[in-house]
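Hi everyone, thanks for coming.

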Amino acid sequence: MARVIHYYAHPGHRFSHANRAMTRAAAKIEGITQVDLYAEYPRHNINIDREQTRLLDHEVIVFQFPLFWYSAPSLVKEWIDLVLEHGFAYGAGGDKLAGKVLMLAVTAAGPDDAYTPNGYQHHSLRTFLTPFEQTAWLSKMRFAAPYVLYGALKSDPTRHAEGFARLLHGLRDDHYDLDRAVAAEIVTHDTLPLTQKA
């Protein structure tokens, strides 16, 4: 079994339906560490030592958030800036995260065809998430394809939340095909790269 930590970041949690459904589904899974960043750090006073210890204690790091202005909510950026410091995540002696897996679970308000060269966003969603992929690479982590829900404001989140639970189960129980996930652009509840391992 893999040790999985699930970080959730949504400053408007009480107004969300998709992310709330996902966190409810995730909370039912035993053996996964759950961290609500906005509940834990409402004033952004991040405990760097605690967060670095959490990372050292887990093999798979999953960040769940809604897409805000083509990136993550501000607390995620603050967390990355402070926690993934030189000598820990990168630079001289900064190999503490080597071999771990970083994955994002992202909801986007726009439909999937908006995130194409001819769509109104002009780029793929994966392009907007490039800084996270590069962060993983610099920290010697593997970056698995993001788990994505498009049209999140208008869709019924039930299947997506159920898929997120299957994804977390798969990561925890080592039956999530990371090679396929690393090679994929994105994954959805219909395209989860699960294996048949028990």
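This is a predicted model: local features need pLDDT of at least 70, side-chain atom pairs count only at pLDDT 80 or more; totals for chains, interfaces and linings use all residues.

L138 belongs to helix α6. It counts as partly exposed because its relative accessibility is 41%.

Let's go inside. How many cavities of 30 Å³ or more does the structure hold? The answer is 1. The largest cavity has a volume of about 80 Å³, and its lining includes L55, I61, F63, W79, F132 and M141. At least two lining residues come from each of β3 (60-66), α4 (74-83), β4 (101-107) and α6 (130-138), and α4 gives the most, with 3 residues. By class, that lining is 11 nonpolar and 1 polar, with no charged residues.

Then there is the open space. The largest pocket holds about 340 Å³. Of the 21 residues that line this pocket, P66, L67, A108, A109 and L153 lie nearest its centre. Its lining has 13 nonpolar and 8 polar residues, and again no charged ones.

So where do charges pair up? The structure holds 10 salt bridges, and I've picked a few for you. E59 pairs with R3, with the closest N and O atoms 3.1 Å apart. This one links distant parts of the chain: E59 sits in the loop between α3 (48-56) and β3, while R3 is in the segment before β1 (4-8), 56 residues apart. E59 is partly exposed because its relative accessibility is 30%, and R3 is partly exposed at 42%.

Next, R142 and D179 meet in a salt bridge at 2.7 Å, N to O. Here strand β5 provides R142 and helix α8 provides D179, 37 residues apart. R142 is partly exposed at 33% relative accessibility, whereas D179, at 54%, counts as exposed.

Towards the end of the chain, D190 and R159 form a salt bridge, also at 2.7 Å, N to O. D190 lies in the segment after α8 and R159 in helix α7, 31 residues apart. D190 is exposed, with a relative accessible area of 55%, and R159 is partly exposed at 48%. There is also a network: E40, R50, E51 and R54 are joined by salt bridges that share partners.

You'll find it in the loop between β6 (147-149) and α7 (158-172). Is D156 buried or exposed? At 58% relative accessibility, D156 counts as exposed. Thanks, and I'm happy to take questions!

Note on methods. Residues are numbered from 1 along each chain as its sequence is written. Side-chain values use heavy atoms; hydrogens and water are left out. On a 1 Å grid over the protein atoms alone, a cavity is a set of points where a 1.4 Å probe fits but cannot get out, and a pocket is an open set with protein on both sides within 12 Å along at least five of seven lines; lining residues have an atom within 4 Å of a point. Grid points are joined across faces, edges and corners, and a volume is the space filled by probe spheres set on the points. Ala, Val, Leu, Ile, Met, Phe, Trp, Tyr, Cys and Pro count as nonpolar, Asp, Glu, Lys and Arg as charged, and the others, Gly among them, as polar. Helices (H or I, at least four residues) and strands (E, at least two) are DSSP runs, numbered from the N terminus. Buried means under 20% relative accessible area, exposed over 50%, partly exposed in between (1.4 Å probe, protein chains only). A salt bridge is a side-chain nitrogen of Lys or Arg within 4 Å of a carboxyl oxygen of Asp or Glu.
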